[in-house]
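This briefing is meant for someone looking at the structure for the first time. Please keep the sequence and the 3D view at hand while reading the points that follow.

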Amino acid sequence: MGESDIGYAIRLLHNGYAVRRRGWNGKGMWLLLQTPDQHSKMTMPYIYMEYPKGHPSYPEGSRVPWLASQTDILAKDWELVE
């Protein structure tokens, strides 16, 4: 696996980092991994997409569940959000 494939992105998520793709049409959004705790309604970890406040699509910000497309899975443009 290369340094910018989906495996790289998943490893970063598991280590608490945010990731995104350079090739995404929507800019200014990223992915995070949520690990449930005793107060969560979810029982398994899941990945969600976060839009920051001021984002053109979601001015108040938003968090939504994320599901990878085949394009996302095969992409080589994953990067760490700093």
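In this predicted model, Trp 66 counts as buried, because its relative accessibility is 17% and the cut-off for buried is under 20%. Trp 24 is likewise buried, with a relative accessible area of 9%.

**Aromatic pairs**

- The rings of Tyr 51 and Tyr 58 form a tilted pair, because their centres are 4.5 Å apart and their planes stand at 50°.
- Tyr 51 counts as buried at 13% relative accessibility, whereas Tyr 58 is partly exposed, with a relative accessible area of 36%.
- One aromatic cluster is made up of Trp 24, Trp 66 and Trp 78.

**Helix H1**

- Helix H1 spans residues 6-14, and its buried residues are Gly 7, Tyr 8, Ala 9, Leu 12 and Leu 13.
- The cover over these buried residues of H1 includes strand S1 (19-21), strand S2 (30-34), strand S3 (46-51) and strand S5 (78-80).
- At the N-terminal end, H1 is capped by Asp 5, which has a side-chain oxygen 3.2 Å from the backbone nitrogen of Gly 7.
- Gly 16, which follows H1, has a positive phi, near 90°.

Technical notes: Residues are numbered from 1 along each chain as its sequence is written. This is a predicted model: local features need pLDDT of at least 70, side-chain atom pairs count only at pLDDT 80 or more; totals for chains, interfaces and linings use all residues. Side-chain values use heavy atoms; hydrogens and water are left out. Buried means under 20% relative accessible area, exposed over 50%, partly exposed in between (1.4 Å probe, protein chains only). Helices (H or I, at least four residues) and strands (E, at least two) are DSSP runs, numbered from the N terminus. Contact means heavy atoms within 4.5 Å. A polar contact is a pair of N or O atoms within 3.5 Å; within protein, one must be able to donate a hydrogen and the other to accept it, and residues adjacent in sequence count only if both atoms are side-chain atoms. Rings of Phe, Tyr and Trp (its six-membered ring) pair if their centres lie within 6.5 Å; planes under 30 degrees apart count as stacked, over 60 as edge-to-face and the rest as tilted.
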